[in-house]
Amino acid sequence: MYNPTNREIEEKIPAHILSIMERFRLSGEESFIVGGSLRDIMLGLEPHDFDLATSSLPRRTSEIFANERVIETGMKHGTVTVIVENDPVEITTFRIDGSYTDSRHPDGVSFTRNIAEDLSRRDFTVNAMAFSPNVGLVDPFGGREDLEKKILRAVGEPCKRFDEDALRIMRAFRFSAQLGFDIEKETLDGARKCGKGLEKIARERICSEFLRLLSSDGVARSLMLMKENGILPFVVREYIPSEKVISDIEKMPSDTIARLGFFLCDAEKEEAAGIINSLKCSNKQKIGAMAIIRGARLSVDTEADARRFIGNVGEYAKYAIRASVLLGKSPEAAIELVEKNNAPCTVAQLKISGKELAEIGFCGKEIGIILEALLAAVIENPCLNSREELSILAKEIKEERR
């Protein structure tokens with residue numbers, strides 16, 4: 001376990017973040033880096049998105065950075081965003097949250113000058129640490145020790161944390177998958193007891209956490225924990241993936257669309273589409289996942305099969321064929337057959353266009369029908385893909401249709 005000194009932590013903080021902290025110090029205020037960036041530094045990972053917590057009240061923060069661009073949209077909850085060197089840095093006043101009647105956001109906040117009180121409202125101990133060059137590491141809840149033990153533990157009473165914000169339940173399983181950490185028993189029990197709170201959370205937020213979980217290295221174990229503890233139904237309704245799908249999902253590329261499609265391979269087409277729609281996935285995610293589900297059920301044994309497969313699945317063929325192999329529909333050799341295929345597999349790859357067919361006498365809906373017929377012929381025999389051959393073939397197809 002990487003165990004950095006205070007000096008090593010400071011060296012990982014970008015110069016412009018340190019300059020912000022120094023400006024606070026010269027103004028008589030404290031400031032600390034908090035959250036995921038500090039956790040990642042402690043783990044020896046590359047940190048991103050540095051957030052700061054400060055003793056400075058929001059209006060005072062705006063005054064201190066009056067010569068910088070300041071965005072005050074989060075003032076109600078104590079957050080001011082300062083743009084330094086084109087980097088938006090969120091700076092939040094030390095605060096204590098009020099009650100959470102919507103299981104997501106505090107009804108109100110009160111400000112404090114005590115960093116430990118601010119850290120006490122955070123989700124997990126590994127995210128409840130703070131650091132400044134002047135004070136060093138502030139770790140009132142044992143986050144550093146939990147990092148060493150690779151344990152995800154709620155700050156304080158788990159059910160209280162999850163009742164405040166039920167999305168933290170999804171974050172627990174997502175962090176477990178990303179970091180390879182075990183979820184501490186009481187924290188896992190709390191997630192199970194409070195799972196119903198996820199019904200109050202916007203589906204877009206659940207989708208975001210779930211897709212990040214799916215693309216993580218430790219996704220299989222987290223999915224199994226979610227299944228065993230009754231959390232999956234709050235994400236994907238009545239759908240229950242097989243143990244094979246869960247155990248093999250890490251063999252798929254870590255792309256979110258690839259993993260989402262494979263995860264839903266046990267669902268019927270209508271059920272899968274319903275789940276994707278309920279999660280408010282993007283149109284691209286839906287199209288890709290449904291293509292992978294479709295391709296996972298097809299068998300590829302020959303080069304002609306591979307061309308038909310790509311024509312059916314489209315740009316997601318490289319993911320879909322891996323799903324097909326993992327589910328035992330196609331042999332391992334099918335992956336190479338699909339990936340090395342350069343033959344035309346879509347109408348757009350034909351050497352004749354709809355416009356050119358119109359120029360030689362075809363019209364209306366007939367053009368689309370002929371193009372599909374030409375594609376089917378080229379998939380079987382790629383040598384036919386020339387304008388001359390396709391023109392002749394188009395006329396023959398038209399005669400046969402009469």
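Among contacts in the chain between residues at least 6 apart in sequence, 65% join residues at least 24 apart. Contact here means heavy atoms within 4.5 Å. The model is a predicted one: local features need pLDDT of at least 70, side-chain atom pairs count only at pLDDT 80 or more, and totals for chains, interfaces and linings use all residues. Residues are numbered from 1 along each chain as its sequence is written, and side-chain values use heavy atoms, with hydrogens and water left out.

**The whole chain**

The chain has 22 helices and 11 strands. Both are DSSP runs, numbered from the N terminus: helices are H or I with at least four residues, strands are E with at least two. The radius of gyration is 28 Å, well over the 21 Å that the globule rule gives for 402 residues, so the chain is more spread out than a compact globule. That radius is taken over C-alpha atoms, and the rule is 2.2 Å times the number of residues to the power 0.38. Along its principal axes, the C-alpha trace spans about 85 × 50 × 40 Å.

How much of the chain is buried? Of the 402 residues, 51% count as buried. Buried means under 20% relative accessible area, exposed means over 50%, and partly exposed lies in between (1.4 Å probe, protein chains only).

I20 is found in helix α2, residues 15-26. I20 counts as buried, at 1% relative accessibility. Leaving out residues up to four places away in sequence, I20 touches L52, F65, V84, V89 and I91. R144 is 124 residues from I20 along the chain, and their C-alpha atoms are separated by 25 Å.

T54 belongs to strand β2, residues 51-54. T54 is buried too, with a relative accessible area of 0%. Which residues does T54 touch, not counting residues up to four places away in sequence? They are F24, E29, E30, S31, T61, I91, T92, T93 and F94. T54 and A377 are 323 residues apart in sequence and 68 Å apart in space, C-alpha to C-alpha.

Helix α3, residues 36-43, is mostly covered, with seven of its eight residues buried. They are S37, L38, R39, D40, I41, M42 and L43. After α3 comes G44, whose phi is positive, near 80 degrees.

**Two helix pairs**

Axes are lines fitted to C-alpha atoms, for helices over the stretch in contact, and angles run from 0 to 180 degrees between N-to-C directions.

| Helix pair | Axes come within | Crossing angle |
|---|---|---|
| α14 (residues 256-263) and α16 (residues 283-296) | 8 Å | roughly 50 degrees |
| α17 (residues 303-313) and α21 (residues 365-380) | 8 Å | roughly 150 degrees |

The axes of α14 and α16 cross at roughly 50 degrees. That makes α14 oblique to α16. Angles under 35 degrees count as roughly parallel, over 145 as roughly antiparallel, 65 to 115 as roughly perpendicular and the rest as oblique. On the α14 side, the contact is made by I257, A258, L260, G261 and F262; on the α16 side, by K284, Q285, G288, A289, I292 and I293. By class, this contact of α14 with α16 has seven nonpolar, three polar and one charged residues. Ala, Val, Leu, Ile, Met, Phe, Trp, Tyr, Cys and Pro count as nonpolar, Asp, Glu, Lys and Arg as charged, and the others, Gly among them, as polar.

The axes of α17 and α21 cross at roughly 150 degrees. A304, R307 and R308 of α17 meet V378, I379 and E380 of α21. The residues in this contact of α17 with α21 divide into three nonpolar, no polar and three charged.
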